[in-house]
Amino acid sequence: MSYTSAALSGEGIGNQWHQRQSTALMGNYGHPRLTLESGHGRYVTDVHGKSYLDMIGGIAVSALGHNHPAITAAVCDQVRHLAHTSNLYAHPTGIRLAEQLLDIAGVVGKVFLCNSGTEANEAALKIALLAGASDNRRRIVAAESGFHGRTLGALALTGKSDIRQPFAPFGIEVTFVPYGDAAALKEALGEDVAAVFLEPTQGEAGVVVPPKGYLAEARTACTKAGAALVCDEIQSGIGRTGRWFAHHSDKITPDLITVAKGLGGGLPIGACIGVGPYADVLVKGSHGSTFGGNPVACAAALAVINTIAHDDLLSHVTAMGEHLLSALKGHPAVAEVRGHGLWRGIGLHTTNAAEVCQRLEKHGVLANPVRPDTIRIAPPLTITQAEVDLFCAALATSLAEATSSQASPAGGNHLAQGASE
């Protein structure tokens, strides 16, 4: 069957793209209801021409929003000069990015550049195992409900049994402990532990913040046990919480830091930062990535970092996060608002987060029902106060509609049928 843009028009466009997507792409992402065609600032537009306020930002990726002039200029300029080198050769853009990452992390170390968050965690895992090999340290400690990626090494560290168990065993011994329980973490440590992997705040679990002091206790325990502390900043890094890295608020220094998502502002790039002795564990032949640290992605990442610094977006993120918190405080349907800055989990008293997000979508706002009772938001760091207010108003309307729907089963069924088309 042949398709052309000219042959597609009106309401049929979305349905035809949906059908083609279902036919041509594997079903691991389900069947997204929207097919997006363009983006500008904090808004994206679907193939029908309808615009949406993007409150999830490609799952915390679109740090500067869409079509930001700094990223566009950096990428275009880099492509004109050099688009790819492989890892056989170095390039100035990648070196500058590594230096910038060490600077904003505030550490002395070295950087491995890759394509994604899961690859960054794969690198951290290999570094930890290599570092611990001489002392026969092969065991890893990670947190229940934690998420570190979907490649097999990163998946082995992931404490979500529904996505982990179908691929077990992994050949890596991992001990899972309750997140935020410092005593359980200390008890799990031993002379055979190479590393502890922790998110400063658990993202996929619903933006869950640990008790105050937890990371500091983990740092002390790892040092005492001789294990590396790995901070997974894939979602929380690059200004998302109002700091360059979320662990900065705890005033600790991890041994390994992984970062991705917002780093490239939409282009695929990740990084593993090795601190102190962990900077020199990888040697020639021990790890690599053909596309990792691609000059174009590095140029985008430098544009993101420079724009955040130049526009003082860290302060802006903190202010917008506090404004959001204040606006939602006391709403009868909202149980709590977790997280920091512009990375929030809005906990509901009910388990209808998916329905609320469907209704938000109809009102022109995109958000993510990360759990049945939690809506996750991670909007562009450039979001304005007026747009935060727009989201809060749409959320209030959607919550009221969802409540009304529960009181009227026919209404709820109608929405559910529409959403499944």
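**Helix α3 and the cysteines, by question**

Student: What makes Ile-71, Val-75 and Gln-78 in α3 count as buried?

Tutor: Ile-71, Val-75 and Gln-78 of α3 are buried, a word that stands for under 20% relative accessible area, with exposed meaning over 50% and partly exposed in between (1.4 Å probe, protein chains only). Seen down the axis of α3, the buried residues fall within an arc of 70°, so they line one face of the helix, the arc being that of the directions from the helix axis to the C-beta atoms. This is a predicted model, in which local features need pLDDT of at least 70, side-chain atom pairs count only at pLDDT 80 or more, and totals for chains, interfaces and linings use all residues. Residues are numbered from 1 along each chain as its sequence is written, and side-chain values use heavy atoms, leaving out hydrogens and water.

Student: Which residues are exposed on the other side of α3?

Tutor: Pro-69, Arg-80 and His-81 are exposed there.

Student: How do you know that the count of disulfides is zero?

Tutor: A disulfide is a pair of cysteine sulfur atoms within 2.5 Å, and by this rule the count comes to zero. The sulfur of Cys-76, for instance, is 16 Å from the closest cysteine sulfur, in Cys-298, which is too far for a bond, and the sulfur of Cys-114 is 7.5 Å from its closest, in Cys-272, again too far.

Student: Why is Cys-76 called partly exposed, and what does Cys-114 count as?

Tutor: Cys-76 has a relative accessible area of 37%, so it is partly exposed, whereas Cys-114, at 0% relative accessibility, counts as buried.

Key
Helix = DSSP H or I, 4+ residues; strand = E, 2+ residues; numbered from the N terminus.
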